[in-house]
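Please walk me through this structure, piece by piece.

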Amino acid sequence: ADMDLSKAFESIKKWTLGERLHFCRKIATAIHFLHKNDLVHSAIRPSNIVRNKKDLLKYIMFLFLLKVN
């Protein structure tokens, strides 16, 4: 089952430095993708991102996604 990151953060103390860096890189890559496509999000927070068992991050809240030109 997918777990939103606000719950995943409860176990962050168990993550290795490599796991933490990997996670940060994934989030930064996702935000870069949005910006590269002229999209801005005003509510990026852990509860809007889920992580599945395959370590795939999914953004689940698109209501605050804006296209800018």
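On one side of helix 2, Leu17, Arg25, His32, Phe33 and Lys36 are exposed. Exposed means over 50% relative accessible area, buried means under 20%, and partly exposed lies in between (1.4 Å probe, protein chains only). The buried residues of this helix are Phe23, Ile27 and Leu34. They sit on the same side of helix 2, because they cover an arc of only 30° around the axis. That arc is taken over the directions from the helix axis to the C-beta atoms.

This is a predicted model, in which local features need pLDDT of at least 70 and side-chain atom pairs count only at pLDDT 80 or more, while totals for chains, interfaces and linings use all residues. Residues are numbered from 1 along each chain as its sequence is written, and side-chain values use heavy atoms, with hydrogens and water left out.

Helix 2 covers residues 17–36, and its 20 residues should span 28 Å at 1.5 Å a residue; the end C-alpha atoms are 28 Å apart, so the two values agree. The expected span is 1.5 Å times one less than the number of residues.

Now step back to the whole chain. It has two helices and five strands. Their order along the sequence is β-α-α-β-β-β-β. Helices (H or I, at least four residues) and strands (E, at least two) are DSSP runs, numbered from the N terminus. Of the 69 residues in the protein chain, 22% are buried. The chain exposes about 5,400 Å², and carbon and sulfur atoms supply 63% of that area. Accessible areas come from the Shrake-Rupley method with a 1.4 Å probe; for residues, only the protein chains shown count as cover.

How far apart in sequence are the contacting residues? Among contacts with a separation of 6 or more, 56% join residues 24 or more positions apart. A contact means heavy atoms within 4.5 Å.

Next, confidence. pLDDT is the predictor's confidence in each residue, from 0 to 100. The chain has a mean of 76, and 77% of its residues reach 70 or more. Where pLDDT is low, the predicted coordinates should not be read in detail.

Return to the end of helix 2. Aspartate 38 is found in the loop between helix 2 and strand 2 (39–41). Its phi is near 60°, a positive value in a residue other than glycine. Most residues other than glycine have a negative phi. Aspartate 38 counts as partly exposed, because its relative accessibility is 37%.

Strand 5 (residues 65–67) contains lysine 67. This lysine is exposed, with a relative accessible area of 56%. Lysine 67 touches Asn37, Asp38 and Leu39, not counting residues up to four places away in sequence. The C-alpha atoms of lysine 67 and histidine 41 are separated by 9.0 Å, and the two residues are 26 residues apart along the chain.

One more loop remains. Serine 47 lies between strand 2 and strand 3 (49–51). With 33% relative accessibility, serine 47 counts as partly exposed. Its C-alpha atom is separated by 9.0 Å from that of methionine 3, 44 residues apart along the chain.
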